[in-house]
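Subject: Model handover

Hello,

Here is the model for your files. Please look it over before reading my notes.

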There are 4 protein chains.
Amino acid sequence: MPTSSATSEHQLEQASAERKIAETTFHVRYAETDQMGIVHHSVYPIWMEEGRSAWSRQVGWPYAEFERAGYALAVSELNVRFLAPARYDQLVTVRTYVRQVRSRQIRFEYEVVDTQSGQLLASGYTMHICVDRQARTTRIPADWLEQWSRLVLEQPA
Amino acid sequence: MPTSSATSEHQLEQASAERKIAETTFHVRYAETDQMGIVHHSVYPIWMEEGRSAWSRQVGWPYAEFERAGYALAVSELNVRFLAPARYDQLVTVRTYVRQVRSRQIRFEYEVVDTQSGQLLASGYTMHICVDRQARTTRIPADWLEQWSRLVLEQPA
Amino acid sequence: MPTSSATSEHQLEQASAERKIAETTFHVRYAETDQMGIVHHSVYPIWMEEGRSAWSRQVGWPYAEFERAGYALAVSELNVRFLAPARYDQLVTVRTYVRQVRSRQIRFEYEVVDTQSGQLLASGYTMHICVDRQARTTRIPADWLEQWSRLVLEQPA
Amino acid sequence: MPTSSATSEHQLEQASAERKIAETTFHVRYAETDQMGIVHHSVYPIWMEEGRSAWSRQVGWPYAEFERAGYALAVSELNVRFLAPARYDQLVTVRTYVRQVRSRQIRFEYEVVDTQSGQLLASGYTMHICVDRQARTTRIPADWLEQWSRLVLEQPA
């Protein structure tokens with residue numbers, strides 16, 4: 001049946017999109033707040049990094065393995081836009097995906113949302129360059145590059 | 001039947017002990033490591049604090065409510081013993097319980113373990129004094145004191 | 001004498017530029033490193049914030065006063081570009097200045113340099129909106145606005 | 001003259017005591033506060049560590065050299081007592097000295113004081129064990145051991 005087939009195709013696309021986006025959820029820690037009573041802005045890069053870790057575990061190529069293989073993704077640029085404050089004990093979810101992969105570079109994007117309402121709290125991106133153990137820029141190893149290239153999310157998240 | 005009754009009693013005790021101990025599990029974040037390649041020691045107090053938060057949610061008296069009521073638990077002493085290093089991406093579990101409650105004071109104790117093997121990585125305690133919004137030492141409010149007193153874990157964890 | 005007058009004018013401009021740029025210097029802390037052996041990228045926003053504090057003390061309008069007056073500068077955007085790694089025990093200098101002031105907004109820019117060689121390690125900016133104690137967007141109070149407007153650095157740093 | 005000689009001896013002792021104690025002074029960073037409006041307790045171990053770094057630079061045997069030589073001082077125990085809160089922008093001084101040296105162990109002690117009034121804000125100690133690059137416990141190298149042993153502060157600080 002065409003309809004069900006279309007639905008099924010759509011569902012597959014959805015599932016695929018879902019596989020490309022990792023969601024990790026946790027409570028805001030008390031130490032993450034500052035004297036304004038909200039989460040300090042320097043904490044979001046740490047959450048986004050944990051988003052990358054969660055994404056790498058979900059897609060089956062954990063970043064810890066990448067480092068054991070002798071490589072690292074050095075952060076070359078960091079950007080965060082803050083839309084609404086996060087507070088102690090709040091459940092937040094970080095949605096993480098890859099937006100672009102080049103031979104020596106990868107760009108991750110993130111949304112931090114309130115888990116219950118889905119309200120967008122912050123969005124951001126990080127650019128990374130592949131480096132070796134001597135911190136020299138190098139090509140992303142072929143197997144990782146191939147895998148990451150497949151996981152690029154092209155449509156809007 | 002005596003046997004089953006004994007078992008049941010034992011199970012109740014177990015359940016009760018379990019209710020007094022909160023366990024919270026998470027992955028070590030990359031930012032928590034230092035150039036020794038292990039988790040920096042200043043991170044454990046943050047994990048222990050998240051252990052207190054988890055405990056307070058589990059027992060149904062969230063610490064966020066305590067602060068909304070106009071009180072806080074200021075840390076008066078912190079102690080951690082480090083037995084084995086924790087590493088990036090490792091799953092760790094913090095076990096948290098109350099060891100002593102006084103009219104103005106509470107003592108929490110903690111174990112940080114490797115989630116999979118159960119290996120003890122660190123243990124510690126924190127002493128807290130109850131303060132009001134002007135940071136003056138004050139009595140723990142009666143309802144909270146009563147509730148916390150019931151939850152003291154007396155046997156060895 | 002024209003020559004000395006020109007020199008003097010130039011010196012005044014220099015002095016003025018210097019007053020608009022705050023420099024704060026400190027050693028990299030061990031806790032600020034990660035397992036790559038370099039300073040973690042989430043630390044730079046904290047250094048940049050300390051740059052703002054130093055700037056506000058230098059120009060005689062400390063940010064602590066701003067908060068005591070009932071206002072705060074919430075971070076609405078954060079951007080950092082990383083050019084070279086910083087390492088434990090290295091002396092780094094943060095250069096901070098204001099690039100733009102609007103009625104409800106202020107933009108700070110930063111350079112993080114190696115103190116001894118002057119090598120640029122990172123550059124960045126933060127956008128801030130003025131909020132009151134209830135976290136509502138509000139106008140920057142007139143006296144602060146006037147003072148900050150005078151301190152905008154228009155030429156390239 | 002006996003008097004001046006006694007004075008001189010006393011002065012030498014003082015100078016010697018001063019050489020054994022390092023003082024490092026800095027402003028409290030905004031990011032170091034929490035929603036109680038005071039410095040979060042997990043920040044003190046970081047200040048104490050910076051105290052150790054300052055001590056090691058002052059005595060001419062920088063800790064960075066120790067690591068380059070293939071060793072590290074792993075923290076085996078951490079203790080802090082909190083007496084009075086520290087606040088954003090406050091100048092604080094960390095006083096650091098060695099209390100005990102053994103073949104594989106060293107104990108540092110700390111006082112954190114308000115720089116202007118001298119008020120004691122917190123005191124603490126850390127125990128460290130010497131480890132090699134494979135994180136195995138090992139003897140402190142002879143030259144470092146000899147040097148550190150000379151610098152033990154025996155009288156009360």
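Below are notes on one strand and its neighbours, then on one interface.

The model is predicted: local features need pLDDT of at least 70, side-chain atom pairs count only at pLDDT 80 or more, and totals for chains, interfaces and linings use all residues. Residues are numbered from 1 along each chain as its sequence is written, chains are lettered from A and ligands numbered from 1 in the order written, and side-chain values use heavy atoms, without hydrogens or water.

**Strand β4 of chain A**

Strands are DSSP runs (E, at least two residues), numbered from the N terminus. β4(A) covers residues 105-114, and eight of its ten residues are buried, so the rest of the structure largely encloses it. Buried means under 20% relative accessible area (1.4 Å probe, protein chains only).

Strands pair if DSSP finds at least two bridges between them. β3(A), residues 91-101, pairs with β4(A) in the antiparallel sense over nine bridges. Three residues separate β3(A) and β4(A) in their hairpin. Gln100(A) sits opposite Arg107(A) of β4(A).

β5(A), residues 120-132, also pairs antiparallel with β4(A), over nine bridges. Gln105(A) has Ile129(A) of β5(A) as its bridge partner. The β4(A)-β5(A) hairpin has five residues between the strands, and Gly118(A) there has a positive phi near 80°.

**Chains D and A**

Nine residues from each of chains D and A make the contact (heavy atoms within 4.5 Å). The buried area is about 860 Å², 55% of it from carbon and sulfur atoms (accessible area lost on being put together, 1.4 Å probe, summed over both parts).

Regards

Terms used
Buried means under 20% relative accessible area, exposed over 50%, partly exposed in between (1.4 Å probe, protein chains only). Helices (H or I, at least four residues) and strands (E, at least two) are DSSP runs, numbered from the N terminus. Buried area is the accessible area (1.4 Å probe) that two parts lose on being put together, summed over both.
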